[in-house]
Amino acid sequence: MPTDAAPPPGSLTDPAVTSLAHDLGITLGEAAQRIGWQSAVTDDVQRSIVDELGDRFGGLWFDTGTSRLTIGIVSPGASPVPAADLRSVRSAGLAAVTDTVAVQWSAAELDVVGDELGAELVRVNGGGPPCALAMGQVPPLNAVFLDVPSGPLSAAQQELVDSVTARHGTKVRVRHVPGDGYFISH
């Protein structure tokens with residue numbers, strides 16, 4: 001291997017591994033293992049999980065503290081299905097490093113809200129003051145965020161903030177942020 005070639009992903013000299021080890025205060029071996037877990041979640045694995053759960057799929061993310069795969073499952077009034085009971089997780093060899101959590105909203109429901117809000121943001125941010133509303137979907141919090149900057153809002157922007165929270169309730173969370181804002185696609 002040439003000396004200027006990048007280290008293989010997940011190796012002890014991989015920058016992702018060394019950064020994770022440094023950031024979390026863990027060993028390089030633990031960091032490499034966690035990066036390996038993340039690498040195992042391919043698009044095919046994610047599609048299999050979504051297909052298996054259907055409209056109960058509430059999102060997929062890696063826990064920031066443990067790097068474990070976490071799957072949100074819409075489970076009103078009940079505990080979610082254990083990760084080991086999910087065929088897609090077992091077949092990917094991820095059952096031992098996956099947790100499931102109950103969530104209120106499915107990812108599909110949040111996608112609809114995000115798509116609607118994204119289109120509205122383009123409309124209300126265009127041609128207004130240099131202060132822009134922003135949004136993004138945050139699976140671990142099972143919500144779409146609407147970032148409202150501290151600068152002055154146009155009448156259309158303020159109307160959108162008021163109407164979206166009234167219409168969608170806890171599916172949308174408003175965060176007040178310093179500055180002029182920016183647009184984040186979900």
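Mentor: The strands β1, β2 and β3 form an open sheet in that order, and their pairing is mixed. Two strands count as paired if DSSP finds at least two bridges between them. Helices (H or I, at least four residues) and strands (E, at least two) are DSSP runs, numbered from the N terminus. At the edges are β1 (57–62) and β3 (98–103), each of which pairs on one side only. From one strand to the next the twist averages 20°. Axes here are lines fitted to C-alpha atoms, for helices over the stretch in contact, and angles run from 0 to 180 degrees between N-to-C directions.

This is a predicted model, in which local features need pLDDT of at least 70 and side-chain atom pairs count only at pLDDT 80 or more, while totals for chains, interfaces and linings use all residues. Residues are numbered from 1 along each chain as its sequence is written, and side-chain values use heavy atoms, with hydrogens and water left out.

Within the sheet, β2 (residues 69–74) pairs with β3 in the parallel sense, over 6 bridges.

Now the helix. Helix α3 (residues 43–53) lies across β1 and β2 and runs at about 150° to β1. Its residues Val-45, Ile-49 and Leu-53 are buried. Seen down the axis of α3, the buried residues fall within an arc of 60°, so they line one face of the helix. The arc is that of the directions from the helix axis to the C-beta atoms.

What do the buried residues of α3 pack against? They pack against α2 (28–40), β1, β2 and α4 (87–91), where contact means heavy atoms within 4.5 Å. On the other side of α3, Asp-43, Asp-44 and Asp-51 are exposed. Buried means under 20% relative accessible area, exposed over 50%, and partly exposed in between (1.4 Å probe, protein chains only). Just after α3 comes Gly-54, which takes a positive phi of about 60°.

To put the helix together: one face of α3 is lined by its buried residues, and Asp-43, Asp-44 and Asp-51 are exposed on the other side.
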